[in-house]
Amino acid sequence: MKKLIIATSNKNKKHEIKNILKGMNIKVVLPEDIGEELPMVLENGSTFRQNAIKKSVTISGFFSALVLADDSGLEVNHLDGKPGVRSARFARAKATDEENNTKLLTLMKNVPAQKRGASFVCSMALSDNGFLIKAVEGRCAGKLEFEKKGDNGFGYDPLFRPVGSTKTFAEMTPASKNKISHRAKALQKMKEVLEAYMKEGKE
Ligand code: IMP
């Protein structure tokens, strides 16, 4: 059975990715499952797509294997797409979620409800033996709240209310978030790419 290495160290993501790809004829593993550590890849691209591709190509070359990598973050319309690829280090290098959320709330302080549109974006890239197979993107549109709401999730979840919901991501159960999230949408697309790739290999 073909092995797929998930190039992430984020526990939430690992669980979600394993779950969605469950049932496929593929063995989904994390680097630690095979006694390996992820090599460091500098995420210095100007788009999520560039970063996801760089990670998947580099790591799949390193392991000589099939590798799925992702990069994600929040784009705020009023801030011309910021924090974007700098979502994790918006307030400063190695910022906490608390610091990033406070910075975002401060910048959006006097911005009215109708101008608080934002989207979570996730790019995912699949590579085999150092060669890119495909990159896909998932998006989830919503609005920014004026204060943090909810304790679940991570990152900007307490400030983000997806379109059509009365709850922020942090007020939802993980299962509800995972049905509509940017990451889930990218993963669904990637599942089709993977299925086609596995089929091709057999022909
Ligand atoms: P990563 O590099 O893809 O792990 O994500 C970069 C940053 O984007 C995270 O540190 C979070 O601040 C933010 N982010 C990405 N996805 C989410 C999400 O699902 N909820 C909240 N914040 C997120």
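Asp-70 counts as buried, at 3% relative accessibility, where buried means under 20% relative accessible area, exposed means over 50% and partly exposed lies in between, with a 1.4 Å probe and protein chains only. The model is a predicted one, in which local features need pLDDT of at least 70 and side-chain atom pairs count only at pLDDT 80 or more, while totals for chains, interfaces and linings use all residues. Residues are numbered from 1 along each chain as its sequence is written, and side-chain values use heavy atoms, with hydrogens and water left out.

Asp-70 belongs to strand β3; strands (E, at least two residues) and helices (H or I, at least four) are DSSP runs numbered from the N terminus. Leaving aside residues up to four places away in sequence, Asp-70 touches Lys-13, Ala-52, Lys-55, Cys-122, Ser-123, Met-124 and Arg-183, a contact being heavy atoms within 4.5 Å.

The buried residues of α3 are Asn-100, Asn-101 and Leu-104. These residues lie on the same side of α3, because they cover an arc of only 95° around the axis, the arc being that of the directions from the helix axis to the C-beta atoms. Among the elements that cover them are β3 and β5 (131-144).

The pockets come next. A pocket is an open set of points on a 1 Å grid over the protein atoms alone, where a 1.4 Å probe fits, with protein on both sides within 12 Å along at least five of seven lines, and its lining residues have an atom within 4 Å of a point. Grid points are joined across faces, edges and corners, and a volume is the space filled by probe spheres set on the points.

| Pocket | Volume | Lining residues by class |
|---|---|---|
| Largest | about 1,000 Å³ | 13 nonpolar, nine polar, ten charged |

Of the 32 residues lining the largest pocket, Lys-13, Glu-43, Lys-55, Asp-71 and Ala-88 are the closest to its centre. At least two lining residues each come from α2 (48-63), β3 (66-76), α3 (97-107) and α5 (182-202), and β3 provides the largest share, with four residues.

The second largest pocket is lined by 13 residues, and those nearest its centre are Asn-12, Glu-16, Pro-174, Lys-177 and Asn-178. Helices α1 (11-21) and α4 (174-180) each supply at least two residues of this lining, to which α1 gives the most, with four residues.

Key
Nonpolar A, V, L, I, M, F, W, Y, C, P; charged D, E, K, R; others polar.
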